[in-house]
Amino acid sequence: MSNYEEEGAPIGLKIISFLIPIVGWVCYFIIKDDNITKAKDCSKFAWIGFAVAFVLGFIGGLG
C-alpha cells in the first residue's frame, strides 16, 4: 500500500461533504475502490453534517 492511499480526504472535500451530505455519500461510492481512507472521510463528514442538520431542524421545530 503506497503512502498516497493512506491519506485522508482534503479539507475542502470534508467541508463540502459536511455542508451537502449527499455529495459526501456519492463521493464515498465513487472513491471507495481507489482510496478507502478518503472515501470513509467523505462518508463520516456527510453523516456528521446530516446529524447536525437534523438536530438543528428538530430544535428549530420546537420553538
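Before I go on, some ground rules. This is a predicted model, where local features need pLDDT of at least 70, side-chain atom pairs count only at pLDDT 80 or more, and totals for chains, interfaces and linings use all residues. Residues are numbered from 1 along each chain as its sequence is written, and side-chain values use heavy atoms, with hydrogens and water left out.

Okay, the overall picture. How many helices and strands does the protein chain have? There are 4 helices and 0 strands, so if you read from the N terminus you get α-α-α-α. Helices here are DSSP runs of H or I with at least four residues, strands are runs of E with at least two, and the numbering goes from the N terminus.

Is the chain spread out or compact? It's more spread out than a compact globule, because its radius of gyration is 14 Å, well over the 11 Å that the globule rule gives for 63 residues. That radius is taken over C-alpha atoms, and the rule is 2.2 Å times the number of residues to the power 0.38. Along the principal axes, the C-alpha atoms fill a box of roughly 50 × 20 × 15 Å.

Buried residues make up 22% of the 63 residues. Now for contacts, which means heavy atoms within 4.5 Å. Of the contacts with a separation of 6 or more, 61% come from residues 24 or more positions apart.

So what's on the inside? The largest nonpolar core has 5 residues: A9, C27, I31, A39 and C42. The elements giving two or more residues to this core are α3 (21–31) and α4 (36–62). By nonpolar core I mean a set of buried Ala, Val, Leu, Ile, Met, Phe, Trp, Tyr and Cys residues, joined through side-chain atoms within 4.5 Å.

Where does A9 lie? You'll find it in the loop between α1 (3–6) and α2, and at 7% relative accessibility A9 counts as buried. If we skip neighbours within four places in sequence, A9 is in contact with K14, K38, D41 and C42. Now look at the end of the chain: the C-alpha atoms of A9 and G63, 54 residues apart along the chain, are separated by 37 Å.

Leaving out neighbours within four places in sequence, C27 is in contact with L13, K32 and C42.

Let's move over to helix α2, which covers residues 11–19 and is where I11 lies. From G12 to C27 is 15 residues in sequence and 13 Å in space, C-alpha to C-alpha.

F18 lies in helix α2 too, and F18 counts as partly exposed at 31% relative accessibility. Which residues does F18 touch, not counting those up to four places away in sequence? The list is F45, I48, G49 and V52. Between F18 and I48 there are 30 residues along the chain, but their C-alpha atoms are separated by 6.6 Å.

Last stop, helix α4, where S43 is found. Is S43 buried or exposed? It's buried, with a relative accessible area of 15%. Beyond its neighbours within four places in sequence, S43 is in contact with G24, W25 and Y28.

That's my tour, so over to you.

Notes: Buried < 20%, exposed > 50% of the residue type's maximum accessible area, 1.4 Å probe, protein only.
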